[in-house]
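Please walk me through this model.

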Amino acid sequence: MKTDIKSMLPAEIGAALAEMGEPEYRAKQIFSWLAKGAVSFDEMSNLSKALRGKLDERYFITTPKPVCKQVSEIDGTIKYLWELRDGNAVETVIMRYKHGNTVCISSQVGCRQGCAFCASTIGGLVRDLEPSEMLDEVLFSQINSGIPISNIVLMGIGEPLDNFDNVIRFLELVNHPDGMNIGMRHISLSTCGLTEKFDKLADLNLQLTLSISLHAPDDETRSKIMPANRGRGVEELLDACRLYADRTGRRISFEYAMIDGVNDTVKHAELLAKEAKSVSAHVNLIPLNHVEERPFRPSTPENLKKFVSVLEKEGVNVTVRRKLGSDVDASCGQLRRKLVSGK
Ligand code: SAH
């Protein structure tokens with residue numbers, strides 16, 4: 001059984017080299033090759049042929065295949081469907097913003113959180129993504145599109161905190177100065193609120209932005225549309241957010257999908273305002289995106305406007321997320337895993 005070398009940090013590659021009787025400093029060269037998208041050891045021209053051969057006997061290099069690429073005619077958003085080693089496939093999106101090109105990556109094949117409005121959870125969780133596979137989403141999106149990526153959001157398929165160790169490892173890989181070197185302040189991680197993981201995340205004191213998929217300010221509404229709320233609850237979530245913000249000094253952001261007749265009344269807005277202020281959170285409203293299998297509709301423009309004005313009147317920092325890539329189903333909540341047939 002060969003080992004996945006792209007999930008390894010330079011120090012670990014170095015230790016493995018030492019065991020093979022090779023000089024450790026080669027690790028940095030190998031790591032840089034991988035971060036540039038090398039797909040075989042043969043490409044690593046500054047290594048001896050003998051070492052390349054030895055590496056090839058022990059390790060494999062993950063290389064996702066782009067089985068589908070769609071480009072939005074409206075805003076140039078690009079959506080990729082990557083086939084992984086085992087025939088599973090996940091989606092990745094590149095968004096072009098003024099502040100930099102952003103890649104939205106998946107963290108799992110499928111999702112087990114069961115949010116009632118989201119396409120990614122249909123069919124449940126198949127498996128976690130490996131650190132290398134998440135890195136590949138960033139790396140090969142950049143290589144394939146020719147668009148230099150400066151920001152990453154973990155807002156594709158899957159719940160990042162449900163794949164905690166692999167996600168942290170991925171962050172270390174993508175942030176590494178000898179690798180892609182993407183700064184933590186350019187990375188956002190979104191969670192449905194697995195509060196039991198917040199402390200562990202705060203311990204690492206990463207300078208990333210934590211986004212909370214709140215979507216409802218009260219337990220009755222939230223538990224109805226987000227099973228992750230059951231057994232945890234909004235109060236526990238807000239406490240965990242306050243603690244996280246205190247410990248890391250980082251401002252938290254709340255995502256709130258506006259769903260017609262579900263979470264979009266003035267009462268909801270007032271409660272949300274109170275909660276956002278208690279956490280000093282920024283609120284990002286997302287008009288619900290259409291998912292064929294789901295019964296929900298986006299809030300009317302009038303209700304959205306009223307909702308925004310309540311938040312603003314309360315002094316909450318609020319933005320309405322621009323919808324990107326809607327003609328290629330690349331908007332929030334529209335990504336889904338696929339199985340490439342014939343596998
Ligand atoms: N599991 C993580 C990461 C997914 S991020 C999380 O829940 O945060 C994707 C974001 O899009 C989440 O905020 C999610 O709740 C939101 N979303 C899901 N379905 C949506 C839809 N149909 N319209 C708008 N946003 C949606």
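Asp 219 is partly exposed, with 39% relative accessible area. The model shown here is predicted. Asp 219 belongs to helix H7, which covers residues 219-225. Leaving aside residues up to four places away in sequence, Asp 219 touches Asn 229, Gly 233 and Val 234. Ile 105 lies elsewhere: its C-alpha is 29 Å from that of Asp 219, and 114 residues separate the two in sequence.

Val 234 leads on to the helices. Two packed helices are described by the angle between their axes and the distance between the axes. Take helix H8, residues 234-248, and helix H9, residues 266-279. Their axes come within 9 Å and cross at roughly 30°. Angles under 35 degrees count as roughly parallel, so H8 and H9 are roughly parallel to each other. Which residues of H8 and H9 meet? From H8 come Val 234, Leu 238, Cys 241 and Arg 242. From H9 come Glu 275, Ser 278 and Val 279. By class, this contact of H8 with H9 has 4 nonpolar, 1 polar and 2 charged residues.

Now the second pair. Helix H4 spans residues 131-145, and helix H5 spans residues 164-175. Their axes come within 8 Å and cross at roughly 45°. That angle makes H4 oblique to H5. The crossing of H4 and H5 is right-handed. On the H4 side, the contact uses Pro 131, Met 134, Leu 135 and Val 138. On the H5 side, it uses Asn 166, Val 167, Arg 169, Phe 170, Leu 173 and Val 174. Sorted by class, the contact of H4 with H5 has 8 nonpolar, 1 polar and 1 charged residues.

Last, the cysteines. A disulfide is a covalent bond between the sulfur atoms of two cysteines. How many disulfides does the model have? The count comes to 0, with a cut-off of 2.5 Å between sulfur atoms. Cys 115 is in no disulfide; its nearest cysteine sulfur is that of Cys 192, 5.6 Å away. Is Cys 115 buried or exposed? At 11% relative accessibility, Cys 115 counts as buried, because buried means under 20%. Cys 332 is in no disulfide either. For Cys 332 the nearest cysteine sulfur belongs to Cys 104, at 7.2 Å. With 33% relative accessibility, Cys 332 counts as partly exposed.

Technical notes. Residues numbered from 1 in each chain as written. Predicted model: local features only at pLDDT ≥ 70, side-chain atom pairs only at ≥ 80, totals over all residues. Heavy atoms only, no water. Axes fitted to C-alpha atoms, helices over the stretch in contact; angles between N-to-C directions. Helix = DSSP H or I, 4+ residues; strand = E, 2+ residues; numbered from the N terminus. Parallel < 35°, antiparallel > 145°, perpendicular 65-115°, else oblique. Contact = heavy atoms within 4.5 Å. Nonpolar A, V, L, I, M, F, W, Y, C, P; charged D, E, K, R; others polar. Left-handed = near helix turned anticlockwise from the far one by under 90°. Buried < 20%, exposed > 50% of the residue type's maximum accessible area, 1.4 Å probe, protein only.
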